[in-house]
Amino acid sequence: MKIGVLALQGAFREHILKLQALGVDAPEVRLPEHLDDLDALIIPGGESTTMGKLAESFGLLEPLKAFTRQKPAWGTCAGLILLANRAVRQKKGGQPLIGGLDITVDRNFFGRQVDSFEADLDVPALAEVARPEDPDGPFHAIFIRAPAVVEVGPEVQVLARLPENGPIVAVRQGHLLGTAFHPELSDDLRFHRYFLHMVQTA
Amino acid sequence: MEPITGTFTVKSGLAEMLKGGVIMDVTNAEQARIAEEAGAVAVMALERVPADIRAEGGVARMSDPEKILEIMDAVTIPVMAKVRIGHFVEAQILEYLGVDFIDESEVLTPADEEHHINKWDFKVPFVCGCRNLGEALRRINEGAAMIRTKGEAGTGDVVEAVRHARAVLGEIRRLQTMAPEEMYAYAKNLGAPYQLVKLTAEMGRLPVVNFAAGGIATPADAALMMQLGVDGVFVGSGIFKSGNPAKRAAAIVKAVTHYRDPAILAEVSRNLGEPMVGRTVESMPEEERIAYRGW
């Protein structure tokens with residue numbers, strides 16, 4: 001199994017280390033030809049405008065759209081924004097999106113960096129994949145200038161909200177997964193296991 | 001657990017998200033938008049770029065908050081701003097304004113010749129400069145969430161950035177070959193806490209993200225720093241003191257992503273117009289060099 005990680009910019013190394021810990025081959029994707037032979041793709045956290053620009057200038061945007069229409073993909077934070085069909089509060093002039101998830105995201109929903117936070121999330125779906133060596137109970141999530149999902153289409157499954165019926169921060173629609181936080185920075189492999197399970201059963 | 005803000009994890013986490021990116025000095029909203037369009041991961045809001053600070057002389061201080069707010073309004077990417085070394089009140093003001101990162105910077109005139117800011121007191125993350133591993137670990141011990149190896153800002157000469165990146169990365173390589181008992185003496189000689197020295201040896205890199213800064217003027221300069229082993233680059237005067245800022249900025253962004261691909265580096269280096277004129281560091285008297293500020 002080969003799960004590529006988009007390596008235009010951002011925290012791609014952390015995703016690669018997590019995948020390698022699960023015994024998965026995780027090549028870096030910077031150019032269209034790097035998508036060949038991949039079973040799935042992760043779009044990491046970073047700056048979504050930077051990644052969008054770089055994808056556009058190296059002819060990656062259309063190949064990424066084609067890839068994510070068919071094969072499993074997971075976007076974390078900036079990656080979630082790129083996989084959304086609609087984004088609000090973008091930079092002036094808008095930004096290129098890959099799309100695929102029938103959701104609207106609000107970029108920097110929680111504010112600026114001083115509002116970045118850590119929180120425990122209830123994610124019932126993780127119970128399906130958890131192993132005895134994994135942490136028990138809630139998933140400790142790290143939100144950095146994070147977006148939130150403010151609208152979901154009928155086919156979108158909500159995987160997690162912030163406590164007390166707060167904003168939606170994890171979604172799945174078929175073969176696509178999106179998280180507003182950074183499982184690649186948490187000391188917990190369950191979200192990566194969950195995605196791996198999606199790829200294995202796709 | 002209630003959500004908590006301002007932890008070291010979220011502070012160093014923002015730096016993790018900037019990796020593989022270019023942070024650009026800008027002095028107004030228009031330049032900030034040019035930087036964002038070019039693909040900058042963040043902008044550094046300034047009144048004057050380092051080349052002008054050098055030319056004009058005098059005391060260099062935190063920028064006017066009005067200027068910083070104008071830039072924060074103009075872009076969606078993170079906005080950084082500089083404070084003088086040791087000037088914790090300038091830092092309190094920037095934190096209140098909501099800047100995303102504070103650079104405790106030797107480019108401004110130091111306010112304290114003995115102490116840096118206690119960065120643990122703040123919810124906003126700090127980036128600090130260093131010339132060697134000891135200086136880097138002292139700053140991390142004070143709470144810095146990101147490090148930049150110092151170059152000689154405002155010169156367009158990359159030689160000091162290379163010297164200091166090599167110093168830090170070389171010292172980390174040396175550390176990894178040491179017997180455990182040798183690390184105690186090494187920590188003493190570096191003037192750095194033993195626990196951070198040990199952590200660095202275990203990780204094989206600095207415990208926080210490390211960018212290069214100072215004197216980077218071309219896509220090749222940026223790729224050189226990346227190949228030496230830094231996580232990203234700051235470009236100061238090199239962009240808006242050049243002939244075609246928008247084109248040069250976009251080219252440097254591409255060079256940092258594709259830093260090991262000579263075909264792409266050759267392509268993006270073509271027809272960029274005039275680079276900043278520059279000034280060799282070698283020709284400068286010792287007292288004009290700013291990389292040596294910081295303790």
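Where is A:Asp37 found in chain A? It sits in the loop between β2 (28–29) and β3 (40–43). Keep in mind that this is a predicted model.

Confidence next. The predictor gives the complex an ipTM of 0.95 and a pTM of 0.96. Chain B has an average pLDDT of 94. There, 100% of the residues score at least 70.

Back to A:Asp37. Its phi is positive, about 70°, although the residue is not a glycine. Why point that out? Because most residues other than glycine have a negative phi. A:Asp37 counts as exposed, because its relative accessibility is 60% and the cut-off for exposed is over 50%.

Chain A gives us another case. A:Asn165 has a positive phi near 55°, and it is not a glycine either. Look for A:Asn165 in the loop between β10 (157–161) and β11 (168–173). At 65% relative accessibility, A:Asn165 is exposed.

Now chain B. Which residues form a negative surface patch? They are B:Glu47, B:Asp64, B:Glu66, B:Glu70 and B:Asp73. Take B:Asp64 from that group. B:Asp64 lies in the loop between α3 (50–56) and α4 (65–74). Its relative accessible area is 38%, so B:Asp64 is partly exposed.

Last stop, B:Gly243. This glycine is in the loop between α11 (237–240) and α12 (245–257) of chain B. B:Gly243 is exposed, at 55% relative accessibility. Now find B:Glu274, 31 residues away along the chain. The C-alpha atoms of B:Gly243 and B:Glu274 are 4.7 Å apart.

Key: Residues numbered from 1 in each chain as written. Chains lettered and ligands numbered in written order. Predicted model: local features only at pLDDT ≥ 70, side-chain atom pairs only at ≥ 80, totals over all residues. Heavy atoms only, no water. Patch = residues over 30% accessible without salt bridge, like charges linked within 9 Å, V, L, I, M, F, W, Y side chains within 5 Å. Areas by Shrake-Rupley, 256 points an atom, 1.4 Å probe, with all protein chains shown as cover. Salt bridge = Lys/Arg side-chain N within 4 Å of Asp/Glu carboxyl O. Lys, Arg positive; Asp, Glu negative; His and termini not counted. Charge placed at Lys NZ, Arg CZ, Asp CG, Glu CD. Helix = DSSP H or I, 4+ residues; strand = E, 2+ residues; numbered from the N terminus. Buried < 20%, exposed > 50% of the residue type's maximum accessible area, 1.4 Å probe, protein only. pLDDT = per-residue confidence, 0-100.
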